[in-house]
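Welcome to a short tour of this structure. Please keep the sequence and the 3D view side by side as you read, and look up each place as it comes along.

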Amino acid sequence: MATSRELSTPPTIAPDVLSGLGQPRKCLSPKLFYDARGSALFEQICELPEYYLTRTERAILASNVDLIAAAAGNIHTVVELGAGSASKTALLLQTLARRDGVVTYVPIDVSGSALRHAARQLQTKIPRLRLAPVVADYTCGLPARKDPGPRLILYIGSSIGNFEPMQAAALLSRIRRTMQPADRMLLGIDLAKAPHVLLPAYNDSQGVTAAFNKNVLHRINQELEGDFNLDQFCHVAVWNQSESRMEMHLESAAAQQVWLKSVSRGFRFETGETIHTENSYKYTPALLRWLFGAAGMTSLQSWTDDQNWFELHMLTAV
Ligand code: AVI
């Protein structure tokens, strides 16, 4: 369980990289995207015209912030999972701080740089906020409770979509077991929609998503002394209808060998062979009902946009 509040050095990526590239169908965990460079690229993605997720969720939050704050109840601490730059959270925190006075905000993220940036921005915007950032991988468990309850756990931005549905249910269920009856969770879910909307969102015209995807190879080069030639890999985004998910891959443009010096391991790639780097599930109503049921959570209230592209759910532990 993560309990540290130190902004400390993250653990080595070697085990994740070696296990992913060692599979018969090569893959890399999407959590490897988020070093300082990857987090900055992700921030850029969020502002792209094609990436509808961030602006749609932000608009839902903005139009319903008072209703969302009311549904959260009398909250003393807001815990945000995978907080990143926390740009969407400011509005909700401002509303809660205005209503309830001092609110403690516990943003949790694997990226210390993103947390430092978020903390600076939020403290100037909301002076009454008590900040307690935690650098941790929340998928390993929530930090021990140190702050006053009731708590509102924010899990927005469709981050749950990057897990297989079974893993997503297991993660929500783990979180549910830490919740007290008055605690609430606000969950942001991206909904299934037409491929002509989804595909550009994951393959934008400026190539930012391609750079974000390839950043994982850059990171391996930096941290494991790898010799990946980024020009020899192509960004590929596909819609997998039967699994209801967007997939990102890196496709080898040639037969090539890559060497990771610091771990003394080499990997061979055939022309056209891919590394599967991310799934982004887009939830149907049936899949969402299954998710909440499997996690033992109940949706008390939900909010959506005009096009029904994205939903925010206020959840309670059943
Ligand atoms: C963080 N996560 C919700 C993003 C998504 O849409 O799955 C990551 C991302 N991948 C490509 N673009 C953005």
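N308 counts as partly exposed because its relative accessibility is 41%, which falls between the 20% limit for buried and the 50% limit for exposed. Bear in mind from the start that this is a predicted model. To find N308, look in the loop between β12 (297–304) and β13 (310–317). Its backbone has a feature to notice: phi is positive, about 60°, although N308 is not a glycine.

Is S244 buried or exposed? With a relative accessible area of 10%, S244 is buried, because buried means under 20%.

The side chain of N240 makes a polar contact of 3.1 Å with the side chain of S242. Leaving out residues up to four places away in sequence, N240 touches R245 and E247.

**A cis peptide bond**

The peptide bond that runs from G149 to P150 is cis, and its omega is near -10°. You will find P150 in the loop between β4 (134–135) and β5 (151–155).

**Around the ligand**

Now turn to the ligand. The shell around it has 14 residues, and Y51, N162, Y202, E278 and S280 come nearest. By type, the shell divides into 7 nonpolar, 6 polar and 1 charged. Which elements supply at least two residues each to this shell? They are α2 (36–46), α8 (208–224) and β11 (274–281).

| Side chain | Ligand atom | Distance |
|---|---|---|
| Y202 | oxygen | 2.5 Å |
| E278 | nitrogen | 2.7 Å |
| S280 | oxygen | 2.7 Å |

How much of the ligand's surface does the protein bury? Taken alone, the ligand exposes 340 Å², and the protein buries 97% of that.

**N215 in helix α8**

Helix α8, one of the elements that supply the shell, also contains N215. At 0% relative accessibility, N215 counts as buried. Which side chain does that of N215 meet in a polar contact of 2.7 Å? The partner is R37. Setting aside neighbours within four places in sequence, N215 is in contact with F33, D35, R37, G38 and L41.

Although D35 and S113 are 78 residues apart along the chain, their C-alpha atoms are separated by 8.5 Å. S113 belongs to helix α5 (residues 112–125). With a relative accessibility of 30%, S113 counts as partly exposed, because that value lies between the 20% and 50% limits.

**T178 in helix α6**

T178 is found in helix α6, which covers residues 165–178. T178 is partly exposed, with a relative accessible area of 27%. A polar atom in the side chain of T178 lies 2.7 Å from the backbone oxygen of I175. Which residues does T178 touch when those up to four places away in sequence are not counted? The list is L142, R145, R151 and D183. For L142, the distance in sequence can be set beside the distance in space: T178 and L142 are 36 residues apart along the chain, and 7.9 Å lie between their C-alpha atoms.

**Cysteines**

How many disulfides does the structure hold? The number is 0. Two cysteines can still be compared by their surroundings. C27 has a relative accessibility of 28% and so counts as partly exposed, whereas C46, at 10%, counts as buried. The reason is the limit already used above: buried means under 20% relative accessible area.

Notes:
Residues are numbered from 1 along each chain as its sequence is written. This is a predicted model: local features need pLDDT of at least 70, side-chain atom pairs count only at pLDDT 80 or more; totals for chains, interfaces and linings use all residues. Side-chain values use heavy atoms; hydrogens and water are left out. A residue is near a molecule or strand if one of its heavy atoms lies within 4 Å of it. A polar contact is a pair of N or O atoms within 3.5 Å; within protein, one must be able to donate a hydrogen and the other to accept it, and residues adjacent in sequence count only if both atoms are side-chain atoms. Accessible areas come from the Shrake-Rupley method with a 1.4 Å probe; for residues, only the protein chains shown count as cover. Helices (H or I, at least four residues) and strands (E, at least two) are DSSP runs, numbered from the N terminus. Ala, Val, Leu, Ile, Met, Phe, Trp, Tyr, Cys and Pro count as nonpolar, Asp, Glu, Lys and Arg as charged, and the others, Gly among them, as polar. A disulfide is a pair of cysteine sulfur atoms within 2.5 Å. Buried means under 20% relative accessible area, exposed over 50%, partly exposed in between (1.4 Å probe, protein chains only). Contact means heavy atoms within 4.5 Å.
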